[in-house]
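Hello,

Here is the structure I promised to pass on. Please open it first, then read my notes below.

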Amino acid sequence: MSYEAKLMQMKKLLKKKPAESNEKPEEPKRKRPPSPPYEENWLAAGLTKEENKYGIIYKRVVTYGPEHFHGKYKLSSLLGTVESWREANEIHPLAPDLSRPLVFFDTETTGLKGAGTLIFLMGFIEYTETKFTLTQYVLPGPDHEAAFLYASNFWKIPMSVVMYNGKSFDMPQVETRWTMNRDHLPPLLKHTEIDLLHGSKRIWKNEMDTFKLTAVEEEQLGFFREGDIPGYMAPIIYQDAVKNGRPEMLMKVLMHNEWDILSLVTLYIRSTNLLLEEQQLSSANSKTNIGKWYRDLKSFDRSKKVLGDVIAEFGAEEPMAHFHIGFILKKENRHTEAISSFKIAADGIDGRERIIAFEELAKLYEHKVKELDTALRYTRMAIKLLNNNSDFPERFKREWEMTSNTGK
């Protein structure tokens, strides 16, 4: 038999490939898991049951009137906060995307990291002009996780989500759990993330020893918790509630989460007031920090306005304001004023900023004023300070030496 004939015989043995269809194969029906045996106890404690196509979840809904106070701040002040951002039209990490709903979000999890860590509680506050609504979703167990995540509506509409450490923790946890359930859930949308932990560190740097939310509540919001559970106990309490069906302590976890989210609302009000409202009471330090933040964001006009107000009120008593405004004045080629600011800064501050102030003075005197002896004197002062201070990191010393040698 010829080679061609053998090939024809082999061809007859091949099965024909079925014609391709544009229709997507039907998704296998997922059997909805049953209610847990402790459902009756949880419902009796005040939770309600919600069902969707993936399973069930339990939820708690609390409504607050606009006159409700949390600490020193009234919830309805949020309406003015949103309007302030609208009028400011400012590009800022705390600015919401006003085309999206603004929600305040916090989670409780069974651990801090790892693929086995579950989110067991999600809380949201949404608002209108007449009310603020807190909705908390509780996970009955791992087999209902897809239903739990689906209830968040993170798949449905893009939102501006306000959190505390949410960029580093809450949203990455949501993304991880969504990935684990991606075969069942619609795609997770991209949301505008506003992290108030980052904002608090920028505003109150050098003013607060810790940035735990409870510390910020007490020092900045005037809210003091009574009868709260420690946050580290929440996973243990949840696991007990699932194992033994006892919901009493679980309701305390929900209260802990409720206070967290109410604090997000009032902290957002407080932070925005400081950033956008000129007459708000605050320390020279926090005002200076805000001015620096605007400078880092290249919002130079607003930075100069904030720092100028600090200098007008406190003068040389707040040398860091002079330090930061010096760079703006230098950028505007107002060299005499920049020199004056850096001199006040160099006389009043310590550490690496003092070295940088000396460096800026040396550069201004060398390149702009053309007083080389004065420039050399400030350079020597900077080198002496650098060599006499063992607290400076070696990296800073190397970087400073490199920039000073290149004259940048």
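Helix α9 (residues 248–276) packs against helix α10 (residues 284–296) at an angle of about 75°, and their axes are 10 Å apart. That angle makes α9 roughly perpendicular to α10. On the α9 side, the contact is made by Leu274, Leu275 and Leu276. On the α10 side, Ile290, Trp293 and Tyr294 make the contact. By type, the residues of this contact divide into six nonpolar, no polar and no charged. Bear in mind that this is a predicted model.

Next, the aromatic rings. The structure holds 17 aromatic pairs. One of them joins Tyr38 and Trp42. Their ring centres are 4.7 Å apart and their planes meet at 40°, so this pair is tilted. Tyr38 and Trp42 are both buried.

Phe120 and Tyr238 also form an aromatic pair, and this one is stacked. The distance is 4.3 Å centre to centre, with 10° between the planes. Phe120 lies in strand β6 (residues 119–127), while Tyr238 lies in helix α8 (residues 234–244). The pair therefore ties together parts that are 118 residues apart in sequence. Phe120 is buried, with a relative accessible area of 1%. Tyr238 is buried as well, with a relative accessible area of 5%. Both values count as buried because the cut-off is under 20%.

Ring pairs also link Phe105, Phe124, Tyr137 and Phe154 into a cluster.

Last, a charge over a ring. Arg377 lies over the face of Tyr378, at 4.9 Å from the ring centre.

Best wishes

Methods: Residues numbered from 1 in each chain as written. Predicted model: local features only at pLDDT ≥ 70, side-chain atom pairs only at ≥ 80, totals over all residues. Heavy atoms only, no water. Axes fitted to C-alpha atoms, helices over the stretch in contact; angles between N-to-C directions. Helix = DSSP H or I, 4+ residues; strand = E, 2+ residues; numbered from the N terminus. Parallel < 35°, antiparallel > 145°, perpendicular 65-115°, else oblique. Contact = heavy atoms within 4.5 Å. Nonpolar A, V, L, I, M, F, W, Y, C, P; charged D, E, K, R; others polar. Phe/Tyr/Trp six-rings, centres within 6.5 Å; stacked < 30°, edge-to-face > 60°. Buried < 20%, exposed > 50% of the residue type's maximum accessible area, 1.4 Å probe, protein only. Lys NZ or Arg CZ within 6 Å of the ring centre and 35° of its normal.
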